[in-house]
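Grab the model and work through these exercises on rings and charges. Try each task before reading its solution.

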Amino acid sequence: MPEIIEQVQQRLFAAHAREYYRERKAGNVAFATPKNMLAFGYRLNTERTRDLQRTRSQLEQGFVEVFPNTIVATLVSSRNWDLLASRTGPDWLIELFSSPDTALFLPLPNACLMQISGTPVADLKMLQDLQTNTKRGSRRTEHAPRKRKRRQRRKREDEEEEEELLPALEGRPSEAGVLEEGTPPAPPTLATVPEVRIDGPTDSNPQLTPRRESACPALGKSRSLPQLGDPTLTTIGGGVDLANKAGSLAPNTSVSPTKRSLRATTSAASVLGGGAGGGAAESSGRPAKQRRLETLHSNNAIVLARHQMYHHRLSKGVGGKLPYGLSSRHVLVRLPTLYSIKPVQHPKGTATSATRGSTEAAARHLAKYIFPRQFGLHNAFTSPKARVSVDVLPDYTDRELEIKRLGSIKTPPRLRPVLPILQRLGLLSSRCNFRKLLDKRCPSKLKRRQLSQEERSAIFDLSANAEPPRTQVSRGEVSLDTSHPSLVIPHGQTQAVAQNVKKPKLSEYACTIYEVECYVLDCVRDVIPKAFWGSEANRKVVEKNVSQLLRYRRYESVSLHALLQGFSVLDCEWLSTKNRSSKAGPVQQQRSTAADMGKRLELLSEFMYWFFDSFIIDLVRTSFYVTDTATHQNRPLYFRQDDWTALCAPLLKQLGDSVFEKVPLVQALSLQRERELGVSFVRLLPKETGVRPIVNLARRPIRVAAGGRREVGQPINKILQGVFDVLTFEAKRKPHLTGSLVVDPQQIYAKLRLFKKDLLARHGGDKLPKLYFVKVDVRAAYDTIQQDKLLQIVEAVLEETMYWIQRYSQVSPVAGSSLKSFKRVACTDGELGLFEDLAIKLAQDVHNIILSDSVAYTNVGRDRLLQLLREHITTNLVSGRLYRQKTGIPQGSILSSLLCSLFYGDMEKTRLSFTAADESLLMRYVDDFLFVTTDVGLASRFLRVMHAGIPEYGCAISPEKRLTNFDICLDEGEVVPPLAAGEDFPWCGVLIDTKTLEVRFGTVASERDVFDQLTIQRYRKPGRAFLVAMFRAVKIRSRIMYVDTAHNSPSTAYANVYRGLLVVALKFQAYVQEWGIDARRKSSFLYNNVQQVVAFQWSAIVNQARSVKARALGAEMTLRRNWVIWLGLHAFHRVLSRRPAVYSPLLKALARDLRGSMYGGARVHLQKVVGHASTAFADRGNGERKARMI
């Protein structure tokens, strides 16, 4: 088997070498490792030209080991593969392993697979996506057979030039992306790679005997790191310098930049990074002929960056005043200054020649912003998308540097008819009084010059009710449904909660969406010339799209293709090549050719993209502070920027006096130079009766490098990723460090299940003894943690001197598509073993996924980890005037929850050790404690200890969040209101029966307005996105804790299924309504989706019951399939019946299914389940939501 694997690797690298040389010759980033599982961990040996030639001719092994590939070790050490090779022959296995179209997998528990050969599944694309891209490709793709000979001839020429360019491949590339001669490559960096141990033969498992002594010869220590492309290459986006492609290895420096031929820009890095661009010669009578760039992104693939409207804070201008209308960097604002244009006309009513020339030059300059594709500038249609982690982000707001490098160029003929309209656009923009329109349509809710006493009191009440900073929620973590303790309304509310409700709401100072729409549309009518729309019908289409764009929720957006629907291209005269009107009257309209219509659509798409992306979004973010809220979920709130500044001033002052301290200027400069971590950013999130500071550590800082290049740096959370992996590994290896921590509902169920089994074994019979419940919540948990004590705890946790971090990929199927994720796991130097063992361990917690080893390892030492932790905890800097957090730990960090768990785990060991008594159970979700015991004395002691507080740990509970199921009087004579009789105990989104410990589905979150929690995807296969959203909602409500009939009674399990499906049906109805599709015409589509959702509910339940962990806990699932299907159909029929006129065809189909003969038993036995009072929330109407919208 070792010889077979070596032959496979030789074939893979020999085939990859040709592609590697071709990419290096073109100036692109070339990877020295082919994409194959058996080639990972190795790279081409490209140190000398002689080695390169021998690699191509396969005279010797032309690749070296960088990291140990444990997949190779698994194949080499297994006698089963030797047996297969002896039966089939080595040639067959070599072809199978080296084939680029074949992949092999090994089975794992829970229907999981581990990939052992072929291209990693995470690097592949769906076939349906490739077919879609081919259909909507350029003409070059459609007419490929015509140019086949030309491509073959070019390929032969490239292969002939490959031998000639081999000596030049050893040089470093120049700034323009071309290799310089005579410069040797940088030597590889030395690194120590741990050895992977393969267990020897044992008596119990003799098959582990290796075939030879050198079973895995390439698993020793390595002395080199992977050389994945040359880091000095500047052409990052994959573009080719068209001016230098003719064969020269260096740019022509003897020619003036303005005299060079026009070079089409293919990446933001080549435009903004420092390469010398060329322009058309002005001396010639016509501009240089441009090469038509291939359309890389269709209109449906271009999505507006609507997220740029959110959380934008303006910097004050001259005199400390905020700007109004467009930002100061917008081209329409800078245009009068660049060309000395004044909105003043000649006394006779005609402009002077100087003014006319200035306006024409300004119009040509403005055309480069609106139609960048026509000038070869970076744009959203033909330029490759930048990788925000490496490449330079394109900045379309300010293109002055890019235009300057482009040089002088004549206006394309198709843009000459639009120049007069652009002159009019610049003139109208300079005349528009944005401040007056804003005061008229969106009047200020505060009198900034003189605040009344009532308004001052309201603002200070908002400040006093501010919570400590919370964790910033990233976009990847947002889902259709969330379960969090904050969604649970505590019973027995105290007087403090009653006083909280009386405080003012910050949302009262926000502008309504109708006011914002009126302001934006007025600005559009006053600034954008009507000639751009062509007709009144087109203007109404655009205004409708603007209104919808303002009403979208937090994470919703729209594609350019959707914005162009209903817009008539023929109505726009500026798109045509000929004038359609003359003094004799309108010319008869002629039929346009396909090429002409394509060009019109191209110009219109560019203008519409600029209008929405650079005009509407910039106008909104400059005039309003747009934010989401804790109470309205994803629905946006629009505050005037001046009102928001006045509202936040008292709160920021309070935070600066309590949680943060101002850093002196001299100390701040030294800290910024010495710190490896950057600064964090704070924003204020409105909630019901105040604001909540949110600290964002996931934001990528943008730095300005030499030459004015804008580079994207690493966020703080990215730098701390290694620390998080190591602490997670230590917490899993030593569970006692985190105490009673539970991180997901599965762990809550596991602890309750074992606790119930223990009680039944101790007391005998089927009845549990009387149980006492106590729930408390730590107040300001993150801000009260003692920094010095936390560092002592973490130093004791990190015992090893060196840790290794391994990377792997994970792919799971979702509704006909695939969900890809890349994971990391840490281990010690002595525990780094085969990936097969890790995959078997990972498969215990997941279902139906494919695991692939990335064969990439990173080592980090203990001293390095402690250094980052000290800097992160003790010197957390906040942007603005540079404040340092003096108490607690940084929030928004990936380490905050883990550090909090380690801190309170130590507190439980020292101060709450009495909770570990027999017949007692303590659980903690971050800072929420739940204590269950059969001893009322222990329950009272726990409540009194937590009520008194633990000063050495800074622990103090919130009095309004205490809850018990028994009467108790504290030392101060205060009586804690108990749980109402007959109700279940709420904790972390679930309801626990205080007599039987049964777990019920909590419907508190479903009683809220689900419309504000949705995220509608209106582009890129919206139908599939709709089904995926429903599947996600079902999966969250199909956990084994709800359907385990060994822990819950069958009636409770069926009730949990029905309540969960009612919530899914509510989201289904809300999604369809907000999506805007015709439910009557799409009844068959909706019916099929209901059938799939109900069937997926049963499949999810079965998969949960068959999991390894469920079987280990003794879980049982005795539910009947037909009964579960009937409950799902009944839930959808019940919810959709609230709107019978809209869903009448769908309701008839569901009613027919419910009357089926196979569901006869379900109709009889499940009447109590569907008629229970706890399901009444599904019968409420939409009157409350409509009233709020009005």
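**Exercise 1.** Find out which ring the charged end of Arg-554 sits over.

*Solution.* Start with the rule: a charge sits over a ring if NZ of Lys or CZ of Arg is within 6 Å of the ring centre and within 35 degrees of the ring normal. In this predicted model, the charged end of Arg-554 sits over Tyr-310, 4.5 Å from the ring centre. Arg-1120 does likewise with the ring of Trp-1123, at 4.6 Å from its centre.

A quick note on the model: it is predicted, so local features need pLDDT of at least 70 and side-chain atom pairs 80 or more, while totals for chains, interfaces and linings use all residues. Numbering runs from 1 along each chain as its sequence is written, and side-chain values use heavy atoms, leaving out hydrogens and water.

**Exercise 2.** Work out how the rings of Phe-903 and Tyr-953 are arranged.

*Solution.* First, the cut-offs: rings of Phe, Tyr and Trp (its six-membered ring) pair if their centres lie within 6.5 Å; planes under 30 degrees apart are stacked, over 60 edge-to-face, the rest tilted. The structure has 37 aromatic pairs. Here the centres are 5.3 Å apart and the planes at 70 degrees, so Phe-903 and Tyr-953 are edge-to-face.

Next, check burial (buried is under 20% relative accessible area, exposed over 50%, partly exposed in between, with a 1.4 Å probe and protein chains only). Phe-903 is buried at 0%, and Tyr-953 is buried at 3%.

**Exercise 3.** Name the residues that ring pairs link into a cluster with Phe-371.

*Solution.* Follow the ring pairs: the cluster holds Phe-371, Phe-532, Trp-533, Trp-574, Phe-607, Trp-610, Phe-611, Phe-612 and Phe-615.
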